[in-house]
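Student: I am new to this structure and would like to go through it slowly. Could we take the terms one at a time and set each value against its definition?

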Amino acid sequence: MTSLRVWQRRFVDEEFDLDLTYITDRMIAMALPCVAGAAYRNDIREVSHFLTSRHYGGFKIFNLCEAFEEFGNGYYDHRFFHQQVVRITMRDHNICSLSALVSFCRQATAFLNLDAGNVVVVHCRGASDLCSLKLPVAA
């Protein structure tokens with residue numbers, strides 16, 4: 001299982017500084033992309049630019065936020081990501097249901113199997129606790 005320490009690395013290069021990390025070359029964990037409060041989360045425009053410039057046409061985001069999120073950030077506009085967002089509602093800081101976990105694994109695996117260049121991006125509000133469980137299971 002990926003340790004929380006590895007997940008907490010930031011992606012930093014000459015163009016980007018994001019709370020995002022590649023768990024594998026085809027699986028990305030990131031903080032909630034947001035439109036409000038971007039000072040402590042990833043700005044949605046920066047995440048969109050990152051994914052579009054690096055993985056255009058080959059990424060799918062799994063939004064694992066609860067039904068209610070602060071400032072509506074869990075309900076961001078999917079057009080930022082070319083409608084490539086799947087919402088699977090899970091309670092933050094709680095164990096997810098087995099059916100939600102199986103749904104995530106099936107959908108992520110199916111998308112990854114479509115093309116060797118596809119990447120899966122996962123986020124929730126609390127990021128590390130849910131992502132640290134789901135990404136190793138789907139891998």
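Tutor: Helix α2 is followed by Gly-57, whose phi is positive, near 75 degrees. This is a predicted model, in which local features need pLDDT of at least 70 and side-chain atom pairs count only at pLDDT 80 or more, while totals for chains, interfaces and linings use all residues. Residues are numbered from 1 along each chain as its sequence is written, and side-chain values use heavy atoms, with hydrogens and water left out.

Student: What makes α2 a helix, and how does its span compare with the expected one?

Tutor: Helices are DSSP runs of H or I with at least four residues, strands are runs of E with at least two, and both are numbered from the N terminus. Helix α2, residues 44-55, has 12 residues. The expected span is 1.5 Å times one less than the number of residues, and α2 reaches 16 Å from its first C-alpha to its last, close to the 16 Å expected.

Student: Why is Ser-48 called buried?

Tutor: Buried means under 20% relative accessible area, exposed means over 50%, and partly exposed lies in between, with a 1.4 Å probe and protein chains only. Ser-48, which sits in helix α2, has 11% relative accessibility and therefore counts as buried. Leaving aside residues up to four places away in sequence, Ser-48 touches Phe-80 and Phe-81, where contact means heavy atoms within 4.5 Å.

Student: How do you know on which side of α2 the buried residues lie?

Tutor: The buried residues of α2 are Ile-44, Val-47, Ser-48, Phe-50, Leu-51 and His-55. They cover an arc of only 165 degrees around the axis, which puts them on the same side of α2; the arc is that of the directions from the helix axis to the C-beta atoms.

Student: What makes the pair Arg-45 and Asp-43 a salt bridge?

Tutor: The term asks for a side-chain nitrogen of Lys or Arg within 4 Å of a carboxyl oxygen of Asp or Glu. The closest N and O atoms of Arg-45 and Asp-43 are 2.8 Å apart, so the pair meets the rule, and by this rule the count comes to one salt bridge. Of the two partners, Arg-45 is partly exposed, with a relative accessible area of 47%, whereas Asp-43 counts as buried at 18%.

Student: Which residues are buried in α3, and why are they said to line one face?

Tutor: In α3, the buried residues are Ala-100, Leu-101, Phe-104, Cys-105, Ala-108, Phe-111 and Leu-112. Seen down the axis of α3, they fall within an arc of 140 degrees, so they line one face of the helix. The face turned away from that buried side carries exposed residues, among them Arg-106 and Asn-113.

Student: Why is Ser-99 called exposed, and what does its side chain contact?

Tutor: Ser-99, found in helix α3, has a relative accessible area of 55%, which is over 50%, and so it is exposed. Its side chain makes a polar contact with the side chain of Ser-97 at 3.2 Å. A polar contact is a pair of N or O atoms within 3.5 Å; within protein, one must be able to donate a hydrogen and the other to accept it, and residues adjacent in sequence count only if both atoms are side-chain atoms.

Student: Where does Asp-115 lie, and what does its side chain reach?

Tutor: Asp-115 lies in the loop between α3 and β9, and its side chain reaches the backbone nitrogen of Gly-117 at 2.7 Å. With a relative accessible area of 42%, Asp-115 is partly exposed.
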